[in-house]
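Subject: Handover of a structure and findings

Dear colleague,

Please find below the structure that I am handing over to you.

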Amino acid sequence: MKKLGFGLMRLPTLDKNDPSKVDVEQLKQMVDLFLEKGFTYFDTAWMYNAFASESAAKAALVDRHPRESFTLATKLHAGFFNSFEDRDKIFNAQLEKTGAGYFDYYLLHGIEGNVYHKFEEFDCFNWLLEKKAQGLVKHPGFSYHDDPELLDKILTKHPEMEFVQLQINYLDWDSPWIHSKGVYQVARKHNVPIIVMEPVKGGTLAHVPESVERLFREKEPDLSPASWAVRFAASLPGVMMVLSGMSDLSQMEDNLSYMEDFKPLTEEEQQLCFTAAKLINDQIAIPCTGCSYCTEGCPQHIAIPQYFSLYNEDMREVESKGWTVNFTNYATLAKTFGKAADCIACGQCEAVCPQHLPIIDHLKKVSQRYDQR
């Protein structure tokens, strides 16, 4: 397989305030182009695009292309099962929603310290092997968000897992929260194939500060900032696939332009990425990837990722600038969603955040900027 995978997580929508309203017609164009260029890997999940991603995969991919022409991955997340029976209810619903007949890759999704016990308690690893024996899953694996030590423990206990999906990008390589370098090294130690998620960190590495863009353009004038992030991950030994969540046809075309004939980064180019990481880390206020896990159960219906994005944009400006257009953008969002000031500090969001962000404290900063005027 070519190394670029289509992450069906941030799909094009007909309503920017409702991720479930997928623009299926545009998605069809993206799927067709992806396959036409020889790429085959599609990655969805039960809760992506407000639970609409798997159905969109059926409409744009499964119903329109021969089953053997693509590979499809989906996932079981700990937040959606509470019994042995729930595992099969979700799996069977996924088969129905996608119409795929079987899954090429199936993941126990988002494993980290506070939920790992649940996957063991409900015997999910053996359950997944049973699905493989039944021909319903070809390759069992899991995605992971925690430190290297726990990953080492899991891979030691479950050598039957055929791959692991990790958050790896040049910005998080030395992060004490994400541990990209550390978990990558553990996977290599166990000789487990790696699928990379969040190589562009939710778009952060596609929209870099001007100083970083200049750095990259001086080296390769025709390549986008996003290309550096995707190619960084794809160049690492042991990486079998890099997922990119593409939200429109232009993003798809850009990714295909440099991944169709992929050339690994040189050592000099890799070091350039680390230089870029330092420049970005010096400016970024809230390292949110926009995955939206935090919003699904928010009792106040707060648009957390969108508010963080607005705040980050403003913090990249001179703080003394005062009013920006993002005050208007914030007010527009607040007509549909709860304001940052509406946070009741229940902690639901922090419990599910893969980045382990102190979301409650960050919402206070957002509120201080946008709710006080």
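The notes below describe the barrel, then several helices, and finally some contacts between side chains.

This is a predicted model, in which local features need pLDDT of at least 70, side-chain atom pairs count only at pLDDT 80 or more, and totals for chains, interfaces and linings use all residues. Residues are numbered from 1 along each chain as its sequence is written, and side-chain values use heavy atoms, with hydrogens and water left out.

The barrel

The model contains a closed barrel of 8 strands in the order β1-β2-β3-β4-β5-β6-β7-β8, with parallel pairing. On average, neighbouring strands of this sheet are turned by 30 degrees against each other, direction ignored. Such angles run from 0 to 180 degrees between N-to-C directions, and the axes are lines fitted to C-alpha atoms, for helices over the stretch in contact. Helices (H or I, at least four residues) and strands (E, at least two) are DSSP runs, numbered from the N terminus. Two strands are said to pair if DSSP finds at least two bridges between them.

Strand β1 (residues 4-7) pairs with strand β2 (residues 41-43) in the parallel sense over 3 bridges, and G5 stands opposite Y41 in β2. Helix α11 (residues 249-259) packs on the sheet, where it touches β1 and β8 (239-245), and its direction makes about 165 degrees with that of β1. Strands β1 and β8 also pair in the parallel sense, over 4 bridges, with G7 opposite G245 in β8.

In a regular strand the side chains alternate between the two faces of the sheet. In β1, L4 and F6 point one way and G5 and G7 the other way, and all are buried. Here buried means under 20% relative accessible area, exposed means over 50%, and partly exposed lies in between (1.4 Å probe, protein chains only).

Strand β6 holds Q165, which is buried at 1% relative accessibility. Apart from neighbours within four places in sequence, Q165 is in contact (heavy atoms within 4.5 Å) with D43, K75, L107, F142, S143, Y144, I195, M197 and L243.

Helix α3 (residues 53-62) is mostly covered, as 7 of its 10 residues are buried. These are S53, E54, A56, A57, A60, L61 and V62. They cover an arc of only 165 degrees around the axis, which puts them on the same side of α3. The arc is that of the directions from the helix axis to the C-beta atoms. The cover over the buried residues of α3 includes α1, β2, α2 (48-51), β3 (71-77) and α4 (84-98).

In helix α7, the residues P148, L150, L151, I154 and L155 are buried. Seen down the axis of α7, the buried residues fall within an arc of 160 degrees, so they line one face of the helix. On the other side of α7, E149, K153 and T156 are exposed. Among the elements covering the buried residues of α7 are β4 (103-111), α5, α6 (124-133), β5 (137-144), β6 (163-167) and α8 (180-189). At the start of α7, a side-chain oxygen of D147 reaches to within 3.2 Å of the backbone nitrogen of E149.

Salt bridges and polar contacts

How many salt bridges does a search of the whole structure find? The search finds 17, a salt bridge being a side-chain nitrogen of Lys or Arg within 4 Å of a carboxyl oxygen of Asp or Glu.

One of them joins E120 and K157, with the closest N and O atoms 3.5 Å apart. E120 lies in helix α5 (residues 116-121) and K157 in helix α7 (residues 148-157), so the pair ties together parts that are 37 residues apart in sequence. E120 is partly exposed, at 23% relative accessibility.

Another salt bridge is formed by the side chains of K219 and E268 (3.4 Å, N to O). This pair links distant parts of the chain, since K219 is in helix α9 (residues 210-219) and E268 in helix α12 (residues 267-281), 49 residues apart. K219 is partly exposed, with a relative accessible area of 32%, whereas E268 is exposed at 53%.

K58 forms a salt bridge with D63, the closest N and O atoms being 3.0 Å apart. K58 is partly exposed, with a relative accessible area of 26%, and D63 is exposed, with 51%.

Finally, D18 lies in the loop between β1 and α1 (24-36). The side chain of D18 makes polar contacts with the side chains of S20, at 2.6 Å, and K21, at 2.8 Å. A polar contact is a pair of N or O atoms within 3.5 Å; within protein, one must be able to donate a hydrogen and the other to accept it, and residues adjacent in sequence count only if both atoms are side-chain atoms.

Yours sincerely
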